[in-house]
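Dear colleague,

Please find below the structure that I am handing over to you. My notes on what was found in it follow directly after it.

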Amino acid sequence: MPVFNLEACVARAIESVLAQTFGELELIVSDNGSTDGTEAICRRYAARDARIRYTRQAPAISGFDNFRYVLDTARAPYFMCLLARAVAVLDARPDVVSCVPRVEFLERDGTRRRAPGTFALMSALDDNLRLFLHDPMDNSRFYGLVRRDALRRVLPARGYHAFDWVVSVGLLLAGKHWELDEVLLVREANDPDKYTRMIDAAFTSAPARLLPLLPFTRALLFDLKVPPSPGTLWALARLNVVYHVVYSLYRYPRYGRLVQRVGARLERAAAGAWRVLRGRRPRLT
């Protein structure tokens, strides 16, 4: 559990882990130099329960390095959100590398909404990649239970924009993704513009910001060596265009609206051609 300034919710998060029916767990809490009451809360829980190991990073490190720290420190064969039902799935299915429950987002007004990013990916690799790459924005599967050795192999050496998507794709190369049919994880909802603003923080030049998924794309094709099937390449190209449009609408609205219209026309044309290639009759709309 990498944490930073979470005094409002860290106790609830720790208790949710300790209350799970699967008791053979080790909770590694890595506090990245919190300046609020997080340290005192975590130390209090660690003093009560021997399954908790608390570490304070001083000086603070990057969020990515804090995640890597808890991964490198872990000793169990499985890593992340330990759930009895998820452990049972991985124990029984060697072809499954990741198991995630259904997830809900908690809004500021107390309401919840279903997170769409945990659907099962249990088909052939090309189909799994195409389905994931269609819209990986809500990558809630990143918080599922995964095989630690597989995660260590695919975690990038450094953090960059959309590295968690790289991890999810890398895990798909190692096996299938199972979804439990129950909501067992609740995430706090983010501001819709948060990830767009992260592009400004991640890149120093305007051209790089307009194509923010190029590092992600390079990682898939050259580091992970994802099989370059037509379906996967089309999904990658489409995703790059989508995020070019999203950022352009945020930063350059007039240009963004133009490329959005052009992109929509290209997608409709490409979808028709794709149906023909797959032996389907295109619909004229």
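In which loop is Pro59 found? Pro59 is found in the loop that runs between strand 3 and helix 3. Please bear in mind that this is a predicted model. The peptide bond leading from Ala58 into Pro59 is cis, and its omega is near 0 degrees.

Asn5, in the loop between strand 1 and helix 1, has a phi near 50 degrees, which is a positive value in a residue other than glycine. Asn5 is partly exposed, its relative accessible area being 28%. Ala162 belongs to the loop between helix 6 and helix 7, and its phi, near 70 degrees, is likewise a positive value in a residue other than glycine. Ala162 is buried, with a relative accessible area of 10%; the cut-off for the word "buried" is under 20%.

Leaving aside residues up to four places away in sequence, Phe79 touches Phe67, Val70, Leu71, Ala74, Gly144, Leu145, Val146, Arg148 and Leu151.

Leu18 leads us to helix 1, which spans residues 10-18 and in which Val10, Ile14, Val17 and Leu18 are buried. When one looks down the axis of helix 1, these buried residues fall within an arc of 95 degrees, and therefore they line one face of the helix. Their cover includes strand 1 (2-3), strand 2 (27-31), helix 2 (38-48) and strand 3 (52-56).

Two packed helices are described by the angle between their axes and the distance between the axes. Here the axes of helix 5 and helix 11 come within 9 Å and cross at roughly 10 degrees. Helix 5 is therefore roughly parallel to helix 11, because angles under 35 degrees count as roughly parallel. On the side of helix 5, the contact is made by Asp126, Leu129, Arg130, Leu133 and His134, which meet Gly231, Thr232, Ala235, Leu236, Arg238 and Leu239 of helix 11. The residues of this contact comprise five nonpolar, three polar and three charged.

Pro94, in the loop between helix 4 (84-92) and strand 5 (96-106), is exposed, with a relative accessible area of 70%. Pro94 and Gly175 are 81 residues apart along the chain, and their C-alpha atoms are separated by 8.3 Å. Arg153 lies in helix 6 and is exposed, with a relative accessible area of 62%. Arg153 and Gly37 are 116 residues apart in sequence and, from C-alpha to C-alpha, 35 Å apart in space.

Yours sincerely,
A colleague

Terms used. Residues numbered from 1 in each chain as written. Predicted model: local features only at pLDDT ≥ 70, side-chain atom pairs only at ≥ 80, totals over all residues. Heavy atoms only, no water. Contact = heavy atoms within 4.5 Å. Axes fitted to C-alpha atoms, helices over the stretch in contact; angles between N-to-C directions. Helix = DSSP H or I, 4+ residues; strand = E, 2+ residues; numbered from the N terminus. Parallel < 35°, antiparallel > 145°, perpendicular 65-115°, else oblique. Nonpolar A, V, L, I, M, F, W, Y, C, P; charged D, E, K, R; others polar. Buried < 20%, exposed > 50% of the residue type's maximum accessible area, 1.4 Å probe, protein only. Arc of directions from axis to C-beta.
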